[in-house]
Amino acid sequence: MSGGDMYTNRQTSSSNCQQGTTLGHQRCTNHSFLLFTFPTYIGVHGSSERPGYWWTWRGNCAHCSRRILAPLGIFCQNFSSPREGWMPCRYASCAQCYKDDQALPFKVNRAFNDEAAYYRRRKEDTNKYLVARDGDWTITPFQCDKCWFVNIYGRLPSKLSLSDGNVLATIRRANLDIFWSREYRTVKSTVGSLKEIVRRAKEAGRPMPLDTMEPWPVSDREGMGMAIMMLEKSLEKGRNDGTYMQYDTCRKLRSAAFNVFSATTQGNSKRFAMKSKDGRVAHMFQGSTQSLLMERFALGMKSRMPQKSKRNKALVAEVVADLLNRMEEELVDPETSPERKRELSMAGGYIAVTFGYSLRGNEGFWVDAERLVASLHLGRAAGNDGHVVISLLGRFKGEEGDRMHVFALANVTRSGIRIRAWLERVARLLQTERKTQCPAFCDEEGYMLSSSDIEGVFHPYLKEMQEEDRYAELIPRGLTVEENYLCFRSFRRGAEVTALNQKVEQTVIEFVHRWSKFEKSQGKVPGFNMLEHYAEGARMRPTQILFSASL
C-alpha cells in the first residue's frame with residue numbers, strides 16, 4: 001500500500017463499515033475492524049513514539065515509498081494524532097517528491113533571462129519555488145494537500161473530479177509558496193540545529209526541549225481558502241501580461257476580506273491597540289487574513305511571481321518644446337474653434353507646469369485657479385530671473401490633510417518652452433469664464449480635467465512626430481503612443497533625463513523631486529495668504545528656477 005492510499009475511499013466487505021469514524025482519511029464505525037487494521041496501517045505508513053513527538057516520526061514517502069526520518073523530508077503536522085473524528089494523517093514525502101507538477105500554469109520568476117546568460121556569475125536554481133526542501137515543514141504551519149482539502153470542504157477529494165484536482169494543485173502551490181518564504185540557508189541551518197538538539201538530548205538522557213506538534217482543527221482558521229482564491233486569480237489574464245495577473249492585483253482579495261473582518265464584532269473583540277509617544281496608534285488583529293500562514297504565503301507568492309510594469313517613456317525637453325509649438329500653431333489658427341482652443345490652452349498649460357517642475361501626473365492637476373490668476377504679475381519683470389508662481393492645493397503623496405505649495409518656474413526654458421505664455425492663456429480663460437474656486441485646469445463647468453482629457457489632446461501630435469526621422473530615437477516607431485506616453489510619468493521622467501543631460505547638480509534634482517518633503521514643514525492651511533508663502537519661499541526660489549530654466 002502506498003502512502004497516498006490512505007486517502008482513497010476503500011470498500012470493505014463488512015456490513016458494519018460505514019463512513020463515520022476515521023481510518024486515516026476513511027471513516028468507519030466497526031471498531032473491531034479498526035483495531036485489526038490499525039497496527040498494519042502504522043507499520044506501513046509511519047510511526048512515532050508518542051503523538052506530537054515529531055522528532056520521532058518515521059514514514060514512507062507517499063510518492064516513491066522511500067523511508068523518511070524526521071526532521072528531514074516533509075511530514076504533515078497532523079501525522080501522528082487523530083483530530084475531530086479523523087485518524088492520524090500519516091502523510092510523509094521526500095522533499096524532492098513534494099513539488100509543483102505545473103498542472104496549472106502558475107508563474108515563476110527567474111532572476112536571469114537569455115540576454116543575460118553570458119554574464120551569469122552563479123548557476124540558477126531551477127528547483128527554486130517548485131520543489132520543497134528537507135525540513136521545510138518544521139518552521140512553517142504545514143498541513144498536507146488533502147488535509148487542507150478536508151479542512152475547507154469537509155470531505156475527501158474525488159479522483160474523478162477535475163475541479164478537486166485543480167484545488168489540490170492550488171493547495172500544493174500555496175504550501176510551496178509558504179515554504180519558499182524562507183531562504184534555503186535558513187531552512188538548512190534550522191534542520192542542522194534541530195538534529196543537534198535531538199542528539200544532545202538523547203545522549204544526556206534529558207527531556208527534549210522542543211515543543212510538540214498538536215493536530216490542527218478540521219477548519220480553515222489560517223486563511224488557506226483566501227490563499228487559494230489569490231492563486232486562482234493569478235491565473236487570469238492581466239493588464240500588463242496576458243498570461244497572468246500580478247501579485248499586487250491578487251492581494252486586493254485579502255485586503256478586502258481583512259477590511260470586512262476589522263468592521264465586525266469578531267474583529268473588534270480580538271483587536272489590541274498600542275499608542276506611540278507621537279500619538280500614532282497601531283492595531284493588532286487575530287483574523288485568518290493576518291495569520292502567520294497568510295503572512296508567509298503572501299511573502300512567498302510575491303517573491304515567486306514576476307513583477308511587470310509598463311513604465312511610461314520619457315518625453316525630453318526637445319520633444320515637449322516641439323509638441324507645444326505644434327499645439328500653439330493650431331491654437332493661433334483663426335479657423336480653430338473656441339472649444340478646441342480651450343482644450344489646447346488647458347493641455348498646454350498643464351504640460352508646461354508638469355514638465356517644468358517634474359511633477360507626478362496627478363499633482364499637475366492641483367494648480368489652483370484663483371491663486372494662479374492673483375500671482376501672475378509676480379516675476380514678470382525680473383530680468384534673467386523672470387519666473388511665474390504656481391500654487392498647488394490638495395493632498396499629496398506622503399502627507400495628511402490639505403496643503404498649499406508655492407514654487408516658481410522660469411518664464412522660458414533652455415529649449416524654448418514658454419511656461420509663462422501658456423499659463424497666461426489659462427489665466428485669461430479663467431477670468432473670462434469667471435472661474436475662481438476651482439482647479440486651474442478645468443472643464444467648462446469648473447471640474448478638474450483628467451489625464452485622459454490631456455492625453456487626448458497631445459497623443460495625435462506625438463503620433464505625427466513619431467513618423468518623422470528626427471524623432472526615430474526619441475519616439476521609436478515600434479512603440480504604441482497611447483500605452484507608453486502618459487501624463488502619469490512621461491513628463492516627470494523627461495524632465496529628470498533632460499536635467500541630467502544638462503549637468504544639473506544632483507542636489508537640485510533631488511530637491512525638485514522631493515519638493516513635497518522639503519516643504520512639508522512649511523506647508524500652510526489653505527486659508528493663509530498666498531503672498532506669505534511666496535515671501536517664505538524666497539530662499540528656495542533660485543533653485544526652483546534653475547531646474548526649470550535648464551529644461
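Author: A residue counts as buried when its relative accessible area is under 20%, as exposed when it is over 50%, and as partly exposed in between, with a 1.4 Å probe and protein chains only. This is a predicted model, in which local features need pLDDT of at least 70, side-chain atom pairs count only at pLDDT 80 or more, and totals for chains, interfaces and linings use all residues. Residues are numbered from 1 along each chain as its sequence is written, and side-chain values use heavy atoms, with hydrogens and water left out.

Reader: What percentage of the 551 residues of the chain count as buried?

Author: The figure is 49%. The chain has 19 helices and eleven strands. Helices (H or I, at least four residues) and strands (E, at least two) are DSSP runs, numbered from the N terminus.

Reader: How is an aromatic pair read, and how many does a search of the whole structure find?

Author: Rings of Phe, Tyr and Trp (its six-membered ring) pair if their centres lie within 6.5 Å; planes under 30 degrees apart count as stacked, over 60 as edge-to-face and the rest as tilted. The search finds 18 such pairs. In one of them, the rings of W57 and F75 have centres 6.0 Å apart and planes at 50°, so the pair is tilted. W57 lies in the loop between β3 (46–47) and β4 (58–60), and F75 in strand β6, so the pair ties together parts 18 residues apart in sequence. W57 is buried, at a relative accessible area of 0%, and F75 is buried, also with a value of 0%.

Reader: Which parts of the chain does the pair of Y98 and F179 link?

Author: Y98 is in the loop between β7 (92–93) and α2 (145–153), while F179 is in helix α3 (residues 162–179), 81 residues apart. This pair is tilted, with 6.0 Å from centre to centre and 55° between the planes. Y98 and F179 are both buried.

Reader: Which residues form one aromatic cluster?

Author: The cluster consists of Y53, W54, W55, W57, F75, F79 and W137.

Reader: Where does a charge sit over a ring?

Author: The test asks for NZ of Lys or CZ of Arg within 6 Å of the ring centre and within 35 degrees of the ring normal. The charged end of R133 sits over the ring of W180, 3.9 Å from its centre. For R489 over the ring of F488, the distance to the centre is 4.3 Å.

Reader: Which residues other than glycine have a positive phi?

Author: Among them are S358, with phi near 50°, and R434, with phi near 55°. S358 is in the loop between α10 (338–356) and α11 (369–374) and counts as buried, at 0% relative accessibility. R434 is in the loop between α12 (419–432) and α13 (451–466); R434 is exposed, with a relative accessible area of 76%.

Reader: Which residues does a cis peptide bond join?

Author: The bond joins A70 and P71, with omega about 10°. P71 is in the loop between β5 (67–69) and β6 (74–75).
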